[in-house]
Amino acid sequence: LDHLHSISNEADKILQLMLWDVGFDYKIFSHQFEAIRFVAGLVSTFPCVPTNEIIDTNDDMEEMLRLDGSGSYARSAALRSAASKKDQLVLPTRGMLLADEMGLGKTIEALAGAALRNVMQLKTSNSTGTGGTKNSARQLPTLIISPQDGIQTQWVEALRKSGVEPARITVVGERRKVTKRRSGMASRDAGKG
């Protein structure tokens, strides 16, 4: 609760609560909310439309800020209603590139944006009937490219902490030691032929 009091923008508070509702347990800092919306492909004012008009009314905003089941239900409904206001809330893009200085939280921003995008996809397909049952709604893939094993390990740990099932995490690439050993074998084998 102390963390929520440190967030001054009500739309950001709602976004933090939405992420907690879906199992994303990280605390988001004020400078990260815009990047999370960007990664999720949402306008910078989400869950408000760009005219600063609340999704429905100010009463809905107050309801979404509640910390009980009623608030959780209101936040879930806001995610579903985003489908009907897609032209106002979703950016016309197929992907994003997030680049920033070291230490500002790109890992958390990317994971939160991907989590938000996936939950919106699931709720949208369920509310429009295109996803069928909850189990048949398709989660969107997220590709993470990192330069080295240490960073890959950091990403895997962050993915697990953010609620991604280990079975859904695939690391592609080789460790530096394995690559050196293989290239050493290749040069030795080349000398034998």
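Let's start with Asp68: it is partly exposed, with a relative accessible area of 32%. Here buried means under 20% relative accessible area, exposed over 50%, and partly exposed in between (1.4 Å probe, protein chains only). Asp68 forms a salt bridge with Arg66, and Arg66 is partly exposed too, at 38%.

This is a predicted model, where local features need pLDDT of at least 70, side-chain atom pairs count only at pLDDT 80 or more, and totals for chains, interfaces and linings use all residues. Residues are numbered from 1 along each chain as its sequence is written, and side-chain values use heavy atoms, with hydrogens and water left out.

Helix α2 (residues 10–21) has the highest confidence, at a mean of 91, while helix α9 (residues 176–192) has the lowest, at 46. Over residues 177–190, pLDDT stays under 50, and the model has two contacts beyond four places in sequence there; a contact means heavy atoms within 4.5 Å.

On to the fold: the protein has nine helices and zero strands. These are DSSP runs numbered from the N terminus, with helices (H or I) of at least four residues and strands (E) of at least two. Buried residues make up 36% of the 193 residues.

The largest nonpolar core has 35 residues, of which Leu19, Phe24, Ile28 and Leu116 touch the most other members. Such a core is a set of buried Ala, Val, Leu, Ile, Met, Phe, Trp, Tyr and Cys residues joined through side-chain atoms within 4.5 Å. Among the elements giving two or more residues to this core are α2, α5 (69–81) and α7 (106–128). Leaving aside residues up to four places away in sequence, Ile28 touches several residues, including His3, Phe33 and Ala112.

Back to the charged pairs. There are three salt bridges, each a side-chain nitrogen of Lys or Arg within 4 Å of a carboxyl oxygen of Asp or Glu.

| Salt bridge | N to O distance |
|---|---|
| Asp12 and Arg37 | 2.8 Å |
| Arg75 and Asp21 | 2.6 Å |
| Asp68 and Arg66 | 2.3 Å |

Asp12 sits in helix α2 and Arg37 in helix α3, so their pair ties together parts 25 residues apart in sequence. Both Asp12 and Arg37 are buried. Arg75 lies in helix α5 and Asp21 in helix α2, so that pair ties together parts 54 residues apart in sequence. Arg75 counts as buried at 3% relative accessibility, whereas Asp21 is partly exposed, at 36%.

Terms used. pLDDT is the predictor's confidence in each residue, from 0 to 100.
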